[in-house]
Amino acid sequence: MRAASAPWTSLADVPAHLLQTRRDDPYPFFAWLRRNAPVLHERKRSGSVWHVAGYADVRTLLSDARLSKRPELVPAYVPGPAGLNRHLVHADPPEHTRLRGLVNTAFIPRRVAALEPLIARTAHDLLDRLPEFGVVDLIEEFAMPLTFSLICTILGVPDELNTARTRQILAATVVPSADAARRAVQERELYDYLLALVAHKRAHAAAGLAEADLLGALVAAHDGSDHLSEEELIGTAYLLLLVGHDTTVNLIGNGMLALLRHPAELLRLREEPELMPTAIEELLRYDSPVRDATFRVSTAPIELAGGVIPAGAIVSLLIGSANRDGGWFPEPDRLDLARQANDHLAFGRGPHFCIGAALARMEARVAFGLLLARWPRISLAFRVEDLRWRPSRVMRGLERLPVMLG
């Protein structure tokens, strides 16, 4: 079979206006792909990338063992900050199984449910600091500190290391500086921060002050017999800090924007609060906080949509596109907070299904409920066209979400 044939195409065949707007509004671009190029080839400096757009193909490939998560199989690909890439997102079994097992117990349903009072208390405290009337940035002043505070609690980050500066350092890794020297300084600062965090945990353990938190358990696993290397320890701490809050920030930001842009659905949710569980699933589908699945590389040829993805190719699974596929979701571009059978892929699928999915859902339920109850007339303070989206290669999230309270 040929390596490329219709309906396959390359980036050069995509209408220019769709490429120009795909960061701020990727959905017309995704719709064009599903109709005209369910597999799109793009040449990058890091190698050949094959973008997969349709729901059925994305769903299947998320669990396909022929797709490896190991970035070292593509030497030109830069997965993230230097020294911080040995973690479960960049591992295949059995390494992935071992690493996931070490963190999984912190996110089991019983432990997540026990966090609800803390989530509600933290959200209340943050909302109490906001004015009763005026313009605020819902990302910077609510969503980000809420989610970061919670993951710091789960990990056991001490108060002196849970700062706004830490959030800024982590944010810089999501959208790294184009300037190599500046990027190196940012990465060094982040690495030094994580070393200090691990050193704090070791010092407490040595003094007999070990706490029942996830990072303390990971340090004990490294220092004990569970075969967690120093690089895996630092990398896992980084991953949990970043992904443990960034995805949920996007869920809250994207979700509130969708609600404010659809006043009839927002009113429906106010009048029928029992819709909150299905509403959250619909917000996850409608504007997914993760636009593209994390790194995958083919280890063998994969026949797909009338062509073959060759071995050694980066495969980009477009979750945002799959979740708007009309072949799977009736009226996919309509926000329907009561949508049933909503088998979206926002948290992935298979062995790499998001380990914090239950936590993200609970945070969103508390956040949306409190925001809508406290400010019945909350509205957008800027035109939608003026909102800016972060240029991340995986995530989809707003830089700011200015809203009018009162």
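Some housekeeping before the details. Residues are numbered from 1 along each chain as its sequence is written, and side-chain values use heavy atoms, with hydrogens and water left out. Since the model is predicted, local features need pLDDT of at least 70 and side-chain atom pairs count only at pLDDT 80 or more, while totals for chains, interfaces and linings use all residues.

On confidence, pLDDT (the predictor's confidence in each residue, from 0 to 100) has a chain mean of 90, and 95% of residues reach 70 or more. Over residues 1–6 pLDDT stays under 50. Where pLDDT is low, the predicted coordinates should not be read in detail.

The axes of H11, residues 230–261, and H13, residues 276–286, come within 9 Å and cross at roughly 95°. That makes H11 roughly perpendicular to H13 (angles of 65 to 115 degrees, on a scale from 0 to 180 between N-to-C directions). In contact terms (heavy atoms within 4.5 Å), Leu-251, Gly-255, Ala-258 and Leu-259 in H11 meet Leu-283, Leu-284 and Tyr-286 in H13.

Finally, the strands, where pairing takes at least two DSSP bridges. Strand E11, residues 402–405, runs antiparallel to E5, residues 134–137, with 4 bridges. E11 is also joined to E10, residues 379–380, by 2 bridges, again antiparallel.

Terms used: Angles under 35 degrees count as roughly parallel, over 145 as roughly antiparallel, 65 to 115 as roughly perpendicular and the rest as oblique.
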